[in-house]
Amino acid sequence: MALIGRSSSLSELLLGLLSLLLLLLLLPCSSSAARVVATTVIRNPSSPDLPVFREAPSFRNGDQCGPASIHVAMTLDINYLRGTMAAVLSMLQHSTCPENLSFHFLSAHFEPELSSSINRTFPYLAFRIYHFDPNRVRGKISRSIRQALDQPLNYARIYLADVLPLEVARVMYLDSDIIVVDDIDKLWNVDMERKVVAAPEYCHANFTPYFTDRFWSDRKLAGTFEGRKPCYFNTGVMVMDVEKWREGGYTKRVEEWMAVQKRERIYHLGSLPPFLLVLAGNIKAVDHRWNQHGLGGDNFEGRCRNLHPGPISLLHWSGKGKPWLRLDSRKPCIVDYLWAPYDLYRSSKHALEE
């Protein structure tokens with residue numbers, strides 16, 4: 001038994017070293033963001049329900065940075081807060097102008113403890129928390145193939161133009177299960193070519209399964225794609241022209257398809273299909289390097305998946321499996337070791353050790 005234990009430990013060590021080497025090969029060099037050592041551990045959170053995080057290093061702008069803000073929108077869900085913190089750290093760490101990042105967090109439960117937790121973890125972070133009323137979408141949501149996709153916050157991205165201040169003309173929306181390993185400014189400055197949304201687009205994927213047979217058999221419903229070449233795109237990584245979204249009434253247009261879904265059951269997958277119905281075939285396609293997606297596996301079992309070939313700027317654990325859960329269960333996938341270096345979570349055990 002002792003021999004088996006030593007062999008298992010050696011295998012885990014080798015796997016960890018291999019993953020670290022892979023991580024170093026993947027991560028592009030950050031140009032001039034300065035890192036300051038931080039050793040603080042948050043030992044006394046004001047709410048026992050919130051995870052405990054250590055203070056992140058501080059990052060400063062490079063000499064070439066101007067005053068322009070880079071707006072990032074994310075949701076704050078207690079079940080995904082650990083992912084959100086890791087995502088924010090990854091953006092700051094790899095940004096040339098980290099002090100230019102301005103975060104807009106949407107939360108269904110506005111609690112002072114949540115703001116305090118972010119402040120303690122990122123003392124220099126520019127951010128604001130907006131209350132998103134779940135009742136705004138509760139009556140519009142239809143049951144999907146996974147319960148997590150049915151949560152009101154999953155639909156908050158539809159209402160960004162209504163929530164954000166008028167001075168925010170462009171925003172990047174990012175899911176909480178991502179890690180950025182490149183300068184986010186490159187995605188921010190994408191030429192949108194007068195489109196309302198820019199996102200990684202996948203025209204080789206089979207588009208049909210996103211909608212039911214009922215949808216495709218109805219000529220009027222299926223006719224919505226007439227004159228377009230609709231392609232799947234992932235709404236967990238997108239740049240939005242907020243002004244054009246408002247001017248075009250896109251929130252209402254998405255809601256109208258949600259109402260059709262309530263009556264006729266035309267799709268299965270949460271908030272994505274109504275986006276596709278309104279925008280597929282009419283977005284600005286972004287390089288796939290900005291969405292190394294599917295790392296969470298499928299929507300049912302969350303099985304491990306390998307990285308897709310090609311350069312990587314953003315890792316996305318879309319699917320059922322989340323890296324923090326798999327790491328905690330001691331059943332991680334190899335790709336989860338790429339997420340681990342950005343994890344700021346500290347359990348009571350870690351806090352006692354430090």
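This is a predicted model: local features need pLDDT of at least 70, side-chain atom pairs count only at pLDDT 80 or more; totals for chains, interfaces and linings use all residues.
Tutor: Residues are numbered from 1 along each chain as its sequence is written, and side-chain values use heavy atoms, with hydrogens and water left out.

Student: How many helices and strands are there in the chain?

Tutor: Helices (H or I, at least four residues) and strands (E, at least two) are DSSP runs, numbered from the N terminus. Going by those runs, the chain has 14 helices and twelve strands.

Student: What percentage of the residues count as buried?

Tutor: Buried means under 20% relative accessible area, exposed means over 50%, and partly exposed is in between (1.4 Å probe, protein chains only). The chain has 354 residues, and the buried share is 53%.

Student: What share of the contacts with a separation of 6 or more comes from residues 24 or more positions apart?

Tutor: A contact means heavy atoms within 4.5 Å. Among contacts in the chain with a separation of 6 or more, residues 24 or more positions apart account for 74%.

Student: Which helices do the buried residues of α10 pack against?

Tutor: Let's start with the residues themselves: Y250, T251, V254, E255, W257, M258, V260 and Q261 are buried in α10. Their packing partners are α5 (160-163), α7 (213-217), α8 (219-222), α9 (242-247) and α11 (272-279).

Student: Which residue just after α10 takes a positive phi?

Tutor: Look just past the end of α10 for a phi of about 55°. The residue there is R265.

Student: Is I118 buried or exposed?

Tutor: You can find I118 in helix α3 (residues 112-121). Its relative accessible area is 2%, so I118 is buried.

Student: How many disulfides does the rule count?

Tutor: A disulfide is a pair of cysteine sulfur atoms within 2.5 Å. With bonded cysteines counted along the chain, the pattern is 1-2, 3-4, 5-6. The count comes to three.

Student: Which hand does the link of C65 and C97 have?

Tutor: The sulfur atoms of C65 and C97 are 2.0 Å apart, and both residues are buried. The angle about their S-S bond is -95°, and the link is left-handed.

Student: Is C203 buried or partly exposed?

Tutor: C203 is joined by a disulfide to C231, S to S 2.0 Å. C231 counts as buried at 3% relative accessibility. C203 is at 42%, so C203 counts as partly exposed.

Student: How many residues apart in sequence are the parts tied together by C304 and C333?

Tutor: The disulfide of C304 and C333 has an S to S distance of 1.9 Å. C304 lies in the loop between β11 (284-286) and β12 (314-316), and C333 in the loop between α12 (323-328) and α13 (336-339), so the parts they tie together are separated in sequence by 29 residues.
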